[in-house]
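Here is a short tour of the model shown below. Keep the structure open as you read, and follow along one region at a time.

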Amino acid sequence: MASTIVEARGVTKDFGTVQAVKGVDLSIAPGELYGLIGHNGAGKSTLFKMMLGLIPISTGEIRIDGEPVNGPRFRETRRKIGYLPENVVLYDNLTGLETLYFFADLKAVPRRECTGLLDKVGLAHAAGRRVREYSKGMRQRLGFAQALLGTPRLLFLDEPTTGLDPGAIRDFYRILRELKGEGVTMVLTSHILAEIQERVDRLAIMEGGLIRATGTVQTLREAMNLPLTLEIAGGAGLAEQVGRVLEGMAIESIEEAGSVLHIRLPREAKMPALARLATLGDTMRDLRVREPSLEDVFFGYRNG
Amino acid sequence: MLSIDFRQIAIVAGKEFWDRIRNRWVLAVALVFTAFALVIAYFGAAQQGAVGFRSIEVTIASLVSLVIYLIPLIALILGFDAVVGERERGSLDLLLTLPITRRELILGKYTGLAAALTFSTIAGFGAVGLILSPQLNLTALFHYAGFMFSAILLGLSFLSLAVMLSVFASDRTRASGLAIGTWFFFVLVFDLLILGMLVVTAGDYGGAVFPYLLLLNPADVFRVLNVFTLDEVRTLYGLATVFPEALSNPAILGGVMLGWIVGPLAVAIWRFER
C-alpha cells in the first residue's frame with residue numbers, strides 16, 4: 001500500500017468561466033480520519049466529486065491508492081471505495097435489504113454480508129420494510145450500510161450525520177472508530193464543526209476553491225494564534241480582585257456574565273495569568289480554560 | 001471504458017424489469033393492449049356495417065392505427081426519466097462511484113425497460129392472438145405474429161428515443177416536455193408535413209423521394225411494414241401501384257427499425273460519457 005491513499009496535485013476545476021477549485025494539493029495517509037470543512041460554494045463537494053471520478057479534473061491529478069482517478073485500472077480501485085452522498089435518496093419501492101442486495105450485486109459482494117451490515121447500522125428490525133416508509137435518519141443509516149458493503153479501505157462520507165438524532169450520531173462515530181481500528185481511511189465533510197473537531201485526525205479548511213490550511217485542530221489553533229478564554233466563577237467582589245491581580249497584563253477583554261467572568265487573553269499570557277490568579281485563593285470557586293473552537297479557527301481563516 | 005461487463009448490465013436490467021413487474025406496470029399495459037385489441041378485432045368493421053371478426057388483414061390494419069398512437073406514448077412515458085430521474089434523486093452519483101461504467105448503466109436501464117415493454121406487448125397481444133386462433137389459419141397467424149414483432153420494434157425504437165431525451169434533459173420536467181414533443185412530432189406532425197409538402201409541390205418535384213422520407217419516422221416504418229406487406233390491404237387501399245418495391249421488403253424495413261433502436265441509444269451513450 002502506498003504511503004498516501006489519497007493524493008491530489010495542483011487540482012483545478014473550471015465550470016465555464018468560473019473556477020470552482022483553484023489548485024488544490026492534498027495528501028491523506030492510510031488509516032486517517034480526515035475532515036474537509038468549508039461553507040457552501042467553497043469547492044469541497046466539487047473536490048469530493050473529482051476524487052470519486054464523478055466529474056473530470058480540469059488540470060492536475062488525483063491518485064487513489066496510487067491509481068489515477070478514471071485511469072485504466074480505476075474500475076478495480078472503485079471496489080475498495082465506499083461512498084455516502086449527501087442527502088442520499090435510494091429506491092422507495094425496494095425494501096432496505098433489497099436495496100443493499102442491489103448495491104452488493106453491483107459491487108460483486110456476496111449478498112450474505114447485507115443482513116450483518118443492516119444490523120451494524122441499527123436497521124435489522126426494518127430490513128423487510130420498504131424504504132418509502134423509512135425516516136430521514138433511517139435512510140441515512142441505509143446509505144451508510146451501502147457505503148460499507150465489501151469492506152472498503154477508503155470511505156468518502158459527505159455530510160454523513162445530516163438528519164441523525166444525537167444518539168444516532170454517537171452510534172455513527174462509534175462505527176467510524178471501529179473502522180479506524182481496522183485501518184480504514186475516511187474522508188468526511190461536515191458543517192457541524194463542533195461535532196467533527198473531537199473526532200478527526202486532521203482536517204483541511206476550504207475557502208474560495210483553495211485549501212487555506214491543513215493540520216490537526218490543535219496545530220490550526222496554534223497557527224492562528226487565537227486568544228483563549230478563561231472562565232472564572234466566584235463570589236462577590238471577584239471582578240475587582242481579578243482586575244487587580246491581572247493589572248498590566250495583555251488582556252484582550254473581561255466580560256461578566258452572571259457570576260462568571262470571561263477573560264480573553266493571548267495564548268502566551270495563559271501561564272503567567274494562571275499563576276497570578278492562583279493567589280486569589282478561595283475567592284475563585286472554579287476556573288476553566290476554553291480553547292478556541294473549530295468554529296473560531298474556521299472563521300479566523302475565512303476572515304483572515 | 002471499452003470493455004463491457006455484461007454482469008453489471010444484467011444487474012441493472014434485472015432491477016428495472018422487476019420494478020415494473022412489482023408495481024404492476026407490465027400487467028396494466030398488457031391489459032390495455034388486450035382490451036383494445038379485442039374491441040378492434042370484433043368491432044373494427046362497424047363503420048362498414050358489420051360487427052364481429054372479419055379477416056386478420058383488416059384486423060391488423062385497424063390494430064396498426066391504434067398501436068401507432070399508443071405504443072410510442074407508452075414507450076416514451078416508460079423511458080423519459082431513466083437517467084434524469086436518477087440524476088434528480090441523487091442516486092446517479094452513487095451508482096457512478098460503483099464499479100459500473102456509464103455505458104453499462106445506460107445499456108442496463110434500456111435492456112430492463114425494453115424487457116418490460118416487450119413482455120407487456122407479447123402478453124397483451126398474445127392473449128388476443130390465442131382468443132382469435134380458432135378462426136385463423138397458419139398464414140393469418142404468421143401475419144399476426146409479424147404484427148406483434150413489428151409492434152415490439154416500434155416500442156423499442158421509441159424507448160430508445162426516450163432514453164436519449166433522458167440523458168440530454170437537465171431535469172424531469174423538461175424531459176417529460178421533450179417526450180410529449182417527440183410523440184407529437186412523430187405521431188401527429190410528421191405525416192402532415194410530408195402531406196403538406198406533397199400538396200405544395202403538387203407532386204412535380206422529387207415525387208419519387210417522398211415514400212423514402214417515411215423511413216425518417218419509426219412510426220411510419222411500422223405502418224408501412226404492416227400495411228404494405230399485406231396483399232389484401234394493398235388492394236383494399238389501392239396502394240399497390242404507387243409504392244416502391246423496396247419499401248415492401250420486410251427485411252429492409254426491419255433493418256431501418258433496428259437503426260431506429262440502435263441510433264438514439266448510441267447517441268445517448270455518446271452524450272452520457274461526455
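## A covered helix

Helix α1 (residues 44-51) of chain A is mostly covered, with six of its eight residues buried. Buried here means under 20% relative accessible area, with exposed over 50% and partly exposed in between (1.4 Å probe, protein chains only). The buried residues in α1(A) are A:K44, A:T46, A:L47, A:F48, A:M50 and A:M51. After α1(A) comes A:G53, which has a positive phi near 75°. Helices (H or I, at least four residues) and strands (E, at least two) are DSSP runs, numbered from the N terminus.

This is a predicted model, in which local features need pLDDT of at least 70 and side-chain atom pairs count only at pLDDT 80 or more, while totals for chains, interfaces and linings use all residues. Residues are numbered from 1 along each chain as its sequence is written, chains are lettered from A and ligands numbered from 1 in the order in which they are written, and side-chain values use heavy atoms, with hydrogens and water left out.

## An enclosed strand

Strand β3 (residues 33-37) of chain A is largely enclosed by the rest of the structure, because five of its five residues are buried. A:L33, A:G35 and A:I37 point one way from β3(A), and A:Y34 and A:L36 point the other way.

β3(A) pairs with two strands of chain A; pairing requires that DSSP finds at least two bridges between the strands. With strand β8 (residues 185-189) the sense is parallel, over four bridges, and A:L36 stands opposite A:T189. Strand β9 (residues 202-207) also runs parallel to β3(A) and is joined to it by four bridges; here A:Y34 has A:R202 as its bridge partner.

## The largest nonpolar core

A nonpolar core is a set of buried Ala, Val, Leu, Ile, Met, Phe, Trp, Tyr and Cys residues joined through side-chain atoms within 4.5 Å. The largest one has 173 residues, and those touching the most other members are A:L26, A:F144, A:F156, A:L176, B:F125 and B:F147. Helix α7 (residues 138-168) of chain B gives the most to this core, 17 residues. Domain 1 (1-80 + 153-215) and domain 2 (93-147) of chain A both contribute residues, so the core lies between them. These domain bounds come from an automatic or database domain assignment.
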